[in-house]
Amino acid sequence: MSADGLEWLRREGRIVIVGASLAGLRAAETLREEGFTGSLTLIGDEPDEPYDRPPLSKQVLVGDAPADRTTLPRRRAVEAHWRLGTAAVGLDPAARRVRLADGDEVPYDRLLIATGVRSRPWPNPAEAELDGVFVLRTSREAARLRRRLAAGPRRVLVIGGGFTGSEIASACRELGVPVTVAERGPTPLVGALGGVIGQVAAELQRAHGVDLRCSVMVTGLEGDAAGRLRRAHLSDGTALDVDVAVIALGTVRNTEWLAGSGLGAGPRGVACDAGCRVFDVRGLVTDDIFAAGDVARCPHPLFGYQFLSLEHWGNAVAQAEVAAHNMISAGPDRRPHLWVPAFWSAQFGVNIKSIGVPSLGDELLIAQGSLAERSFTGVYGHQGRVIAAVTFDRTRWLDFYRRQIETAAPFPPDFPTTDRGPDALRPVPADFPDPSLPTHGPTVTLSGYSPTDRRIVFTPARA
């Protein structure tokens, strides 16, 4: 490319970002910081300016912060055309146009897909419409649920014991509201952290008065004649009288609008390379379409080059910055997105943080602290190397284990520390469930090696 062409790539043209949340905002800021002066458009299906989602299941529900005060801080002014409250419904890569729900079309020279995820709905639409049935993903949903919790319901049912469900249950107990958690796995957090740590989470919930019911499913929600939720039926044959149910069954990636576009996009996300460039359905990388945030799935060398889909706040920021940089850079100046997955949760007075991909681990060693005290560092091993770590109120160890993960340090770790507890004698099975069985709450999804969702079967010709 000529020098003039490179300068045009960097400074001019039309960039469209579909998704006006955390990743979209940080990408827009990075584009302007790095010298892009062309046309910039952000498209978002919500009418609100970008806001922070982690406080919704924590501070907002307990009343420490109103939902409308979670707007994300701006790192700099962004000169852009904001198309808020209008969803993207289609993409024509050949014509380089995004179709909107209002019938308009937005042309682009480069496109960033940052449409994120949404809450998985209750599968029975009629039951989902009952007064008292909630999901929690948006600020408006959080505001509605906060008002209902503040009114003092008789009992709240949380369907799903992943991180979001557990945080909602924690908020209920902080407010003094009776709460039942129904989790189809053997423990809460089992899909994200395994059964050993999940058992600690279960004890933590029960110690704070949660009616925790594991290995059960909610088979139906029942309303009264006025359409108000009154009862929930469980797979073990029992029924609960409840007037609030929160559906915490995980998330759905927002990729439906890309159907027919020819991109490698589907229920598992939008496939992209390490530089955030999107693959098409043939496995060929595009050079004008990029992806970032919860909707993206890209390979990571630390984890066997499997495609990872990460629902992490820090990943959305880091990946958006890499994508924005690469969108306005020539090939030699582009950089890969190699962020090590990290996640945190606050529930029942405990600060839980993880680094790496725990669900890839086969074994677990409690390297510091004690499970019984619910203050520990757990280290996960896979094929003889450190693959992840999780801490309960022991965050000072995370940076150390980040370096162990990045350098493929051997597992089990062999180093003396002053706070090694009785659980540090030998590794034990991490006790993750069969990956073919659904559980709630994993924030990292391993989604194979193919950039597309197609299945190809090779049948050799007979001799």
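**View 1. Buried residues of helix H2 in the predicted model.** Leu 22, Ala 23, Gly 24, Leu 25, Arg 26, Ala 27, Ala 28, Glu 29, Thr 30, Leu 31 and Arg 32 of H2 are buried (under 20% relative accessible area, with exposed over 50% and partly exposed in between; 1.4 Å probe, protein chains only). Because eleven of its twelve residues are buried, H2 is largely enclosed by the rest of the structure. Helices (H or I, at least four residues) and strands (E, at least two) are DSSP runs, numbered from the N terminus. As this is a predicted model, local features need pLDDT of at least 70 and side-chain atom pairs count only at pLDDT 80 or more, while totals for chains, interfaces and linings use all residues. Residues are numbered from 1 along each chain as its sequence is written, and side-chain values use heavy atoms, with hydrogens and water left out.

**View 2. Surroundings of helix H2.** Strands S1 (14–18), S2 (39–44), S3 (81–84) and S7 (110–113), together with helix H9 (313–327), pack against the buried residues of H2 (contact: heavy atoms within 4.5 Å). Just after H2, Gly 35 has a positive phi of about 105°.

**View 3. An open sheet of five strands.** The strand order is S9-S16-S10-S11-S12, with parallel pairing (two strands pair if DSSP finds at least two bridges between them). S9 (133–135) and S12 (211–214) are the edge strands; each has a single partner strand, so one side of each lacks a neighbour in the sheet.

**View 4. The pairing of S10 and S11.** Parallel strands S10 (residues 156–159) and S11 (residues 179–183) are joined by four bridges. Val 158 stands opposite Val 181 in S11.
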